[in-house]
Amino acid sequence: MKTAMLDRSMEKPPITSVTAMSAPTPTTTSVSKTAVLVGLCFLTATFTFAIANALIRSYFSSATAHNALIAGVLLLGGCGLAVVANGAAMRRILTPYAPIRSRAYFLLRVTECLTLVAVGLYFLTSHAPWNAYVLAVYAVSGAAGLVLSSALLTSGIVPRNLSMLGLIGYPVFLVGTILAMFNLIDVTHGAGMLALVPGGLFELILPVWLFAKGFISHQIEG
């Protein structure tokens, strides 16, 4: 208990006049808009990545038109923009509660975006298949999700059970990704895909909650 209190005190600096000016408390209206934005970013990233992956695999597996590869790469870029927007929006909401983790989450989302862009450039320049690229994306995305879930649990701006789903799901996701890197399982086919289920559920349930209920604003305004 003392360790937890010390960690919170280190991560949550005292509010000074300078801090208050640089990070104003979000209003109810701005919090509601941010909740919708975050929900949209999650869903946009999920579906653009899934469609991009399908198009890219189709291009290399069945020699479909070159346009399929270009469309897939563009969708990877769209996914990257969505995750960066997600990180920026959540940083504003989480900073009063977990400033270190809110910054870490944003930086991980930027890293994820850069990874997606690098993957897209690889495909456009090499025209060579690389099925394992999803593992690089999954590794960064899983780390970001774990940081976010931890910060959500601390802040209390979403239900505890939802935060716990992320805290359970993303470690499973990361372990599955690491095992896949060593060819011990395949997270893109068969039973190995089960490693993606808990984290995937979190990324689908959270947007639905945010659209319907938003963040628990009295926690943010308090």
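User: Does helix α7 pass α8 in a left-handed or a right-handed crossing?
Analyst: This is a predicted model, where local features need pLDDT of at least 70, side-chain atom pairs count only at pLDDT 80 or more, and totals for chains, interfaces and linings use all residues. Residues are numbered from 1 along each chain as its sequence is written, and side-chain values use heavy atoms, leaving out hydrogens and water. Helices are DSSP runs (H or I, at least four residues), numbered from the N terminus, and a crossing is left-handed if the near helix is turned anticlockwise from the far one by less than a right angle, right-handed if clockwise. For α7 passing α8, the crossing is left-handed.

User: How do the directions of α7 and α8 compare?
Analyst: Axes are lines fitted to C-alpha atoms, for helices over the stretch in contact, and angles run from 0 to 180 degrees between N-to-C directions. The axes of α7 (residues 160-181) and α8 lie 8 Å apart, at an angle of about 155°. Under 35 degrees counts as roughly parallel, over 145 as roughly antiparallel, 65 to 115 as roughly perpendicular, and the rest as oblique. Therefore α7 is, relative to α8, roughly antiparallel.

User: How do α6 and α8 lie relative to each other?
Analyst: The axes of α6 and α8 (residues 197-212) come within 12 Å. They cross at roughly 50°. So α6 is, relative to α8, oblique.

User: Which residues of α8 make the contact with α6?
Analyst: Contact means heavy atoms within 4.5 Å. From α6 come Ser141, Leu148, Ser149 and Leu152. From α8 come Phe202, Glu203 and Leu206.

User: Is Phe202 buried or exposed?
Analyst: Phe202 sits in helix α8. Leaving aside neighbours within four places in sequence, its contacts include Leu148, Leu162 and Tyr170. Under 20% relative accessible area is buried, over 50% exposed, and in between partly exposed (1.4 Å probe, protein chains only). At 0%, Phe202 is therefore buried.

User: How far apart in space are Phe202 and Ser149, C-alpha to C-alpha?
Analyst: In sequence, 53 residues separate Phe202 and Ser149. From C-alpha to C-alpha, the distance is 9.4 Å.

User: What span should helix α6 have, at 1.5 Å a residue?
Analyst: α6 (residues 133-155) has 23 residues. The expected span is 1.5 Å times one less than the number of residues.

Methods
Helix = DSSP H or I, 4+ residues; strand = E, 2+ residues; numbered from the N terminus.
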